[in-house]
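Let's take a walk through this protein together, one spot at a time.

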Amino acid sequence: MKKKILIFDTTLRDGEQSPGMSMNVGEKLRVAEQLAKLQVDIIEAGFPASSEGDFESVKAVARSIRGPAIVGLARTGLKDIDRAWEAVKCAEKPTIHTFIATSDIHLKYKLNKSRKQVLEDTVRAVSHAKAYCPMVEFSAEDATRSDPDYLCQVFEAAIKAGATTINIPDTVGYSIPDEFASLIKYVRNNVPGIKGVTISVHCHNDLGLAVANSISAIKAGARQVECTINGIGERAGNTSMEEIVMAINTRKDIFKLTTNINTRHIYPASRLLSHITGIAVQPNKAIVGANAFAHEAGIHQDGLLKERQTYEIMTPESIGLPSHTLVMGKHSGRHAFRERLKSLGYDLSNDNMEKAFRRFKALADKKKQIYDEDLEAIVADEVLRIPERYKLVSINVTSGSETIPTATVQLEIDGKVIKDAGFGDGPVDAAYNTIAKITRTKSKLLRFSINAISKGTDAQGGVTVNLEEGGKTAIGQGAHTDIIVASAKAYINALNKMEYRKKRRRRGP
Ligand code: KIV
Ligand code: ZN
């Protein structure tokens, strides 16, 4: 029987920590559901002590997701660990992940602690976590820049205190594959008690080596890889889940290893995450980029037509990439609609399906051909919707080379329709100024991006905005065949998210 590599997904923790990636509870739950479909072994759902919002999200994931173990991250402070336990305790397989830095650089400049103090903190934290639950992971932050002998000492103490997994992070993405493999072997050979625990690795991609380092570590005996969908994460990101999983799968001949991942859910997971965060995947990204299975050169196309294996080392179907993207038009019925969504990885409730179907019909009246990307935009809009304080009733904008861009907007706020007009430097600016005037909000626009969701001049425009108000940010998205309407919808969506968050804070967890 082949040996298993455990997939520890940290999209909702390390991934969500990176700029522009923050998600609300509903969005995190949706990603967690997709991770469960992928059959990841472990979901790190967040860092409960870091904020009320994170605590709530971890708790919601722990309550509703079955299958994978659910992890809450904690520093070594006992209050952090209590909070992590409080958040994960209702999970089927609750796990506490506690960490402290072990490199002299971190000890001196960040923690201001001696090696002895860090060792004591480790033992106290792991013992405290172990009293709550049988599964405890311990991470030595900045392990790759730590003195290897001290690192082994800390791991030995963590294992004695009850850690079931020890994690070796390349926190700053500094290591090189051979060097990282040597460190893994050194730890395996020099930590008493290591045989009974899982060795995990957690690599960052600052030098573009996160996947290569993780693979080297596996070859050296690591049995758990921490990774994220689309490789998101602090700075240059983490090991990309789809890349490590497909490398193990495609090169079974070398690794003689396997994972539990149902690879057919990889592509829908990647799409879902970029929809939610509004961060597009680069076209040449391995496995899930738009060009990953596109063959442009004539010689390649010819070879492929003769025999797929000539230029294809894995099939698009194996990652759940739909082989045809043109789906439906206005005559398509409910059954076809439901089946198509299912093949894209969306299993909606009857209620959500009905709402999405109505939106699809309305779009099909405007647009002849509906693509998978259009359907994804509809689902994201309907299913991931949060309660809306502000609703767009209508918007009209005049602009051009000889006129001052002017917007007239009608919004429904708490059930009352309010109308106003305003100017701007361009049509989007005019629309946003007017919406801000009506809603009496003062958000700063940090990011605005617009993309054609599918092909053709009648394609829907997909707009993503990132707003900031009082130190809090929110991502908003909107899709429409008219790009000014799409822009207004995205702005209003972000304002609604801000409102929703404020309300939840007022109510408490
Ligand atoms: O990069 C890192 O060291 C981490 C730890 C908390 C595991 O994210
Ligand atoms: Zn990390």
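Start with ligand 1, whose surroundings are Arg-13, Asp-14, His-97, Phe-99, Ser-139, Glu-141, Asn-167, Pro-169, Thr-171, His-202 and His-204; to be on this list, a residue needs a heavy atom within 4 Å of the molecule. Before we go on, a word on the ground rules: this is a predicted model, where local features need pLDDT of at least 70, side-chain atom pairs count only at pLDDT 80 or more, and totals for chains, interfaces and linings use all residues. Residues are numbered from 1 along each chain as its sequence is written, chains are lettered from A and ligands numbered from 1 in the order in which they are written, and side-chain values use heavy atoms, with hydrogens and water left out.

Back to the shell around ligand 1. Sorted by class, this shell holds two nonpolar, six polar and three charged residues. Here Ala, Val, Leu, Ile, Met, Phe, Trp, Tyr, Cys and Pro count as nonpolar, Asp, Glu, Lys and Arg as charged, and the others, Gly among them, as polar. At least two shell residues come from each of these: H1, strand E5 (94–101), strand E6 (135–141) and strand E7 (165–170). The labels are DSSP runs numbered from the N terminus, with helices (H or I) of at least four residues and strands (E) of at least two.

Which side chains have a polar atom close to an oxygen atom of ligand 1? In Thr-171, a polar side-chain atom sits 2.6 Å from such an oxygen. For Arg-13, an N or O atom of the side chain is 2.9 Å from an oxygen atom of the ligand, and for Asp-14 the distance is 3.1 Å. On its own, ligand 1 has 260 Å² of accessible area, and the protein covers 93% of that (Shrake-Rupley method, 1.4 Å probe).

Distant parts of the chain are linked here: Asp-14 belongs to helix H1 (residues 11–15), while His-204 lies in the loop between strand E8 (198–203) and helix H9 (210–219), 190 residues apart.

Are Asp-14 and His-204 buried or exposed? Asp-14 counts as buried because its relative accessibility is 2%, and His-204 is buried too, at 4%. Buried means under 20% relative accessible area, exposed over 50%, and partly exposed in between (1.4 Å probe, protein chains only).

Now move along to helix H9, where you'll find Ser-214. With 0% relative accessibility, Ser-214 counts as buried. Its side chain makes a polar contact with the side chain of Thr-239, at 2.9 Å. Such a contact is a pair of N or O atoms within 3.5 Å; within protein, one must be able to donate a hydrogen and the other to accept it, and residues adjacent in sequence count only if both atoms are side-chain atoms.

Last stop: helix H17 (residues 427–439). Its 13 residues reach 18 Å from first C-alpha to last, close to the 18 Å expected at 1.5 Å a residue; the expected span is 1.5 Å times one less than the number of residues. Among the buried residues of H17 are Ala-430, Tyr-432 and Ile-438. Just after H17, Arg-440 has a positive phi of about 55°.
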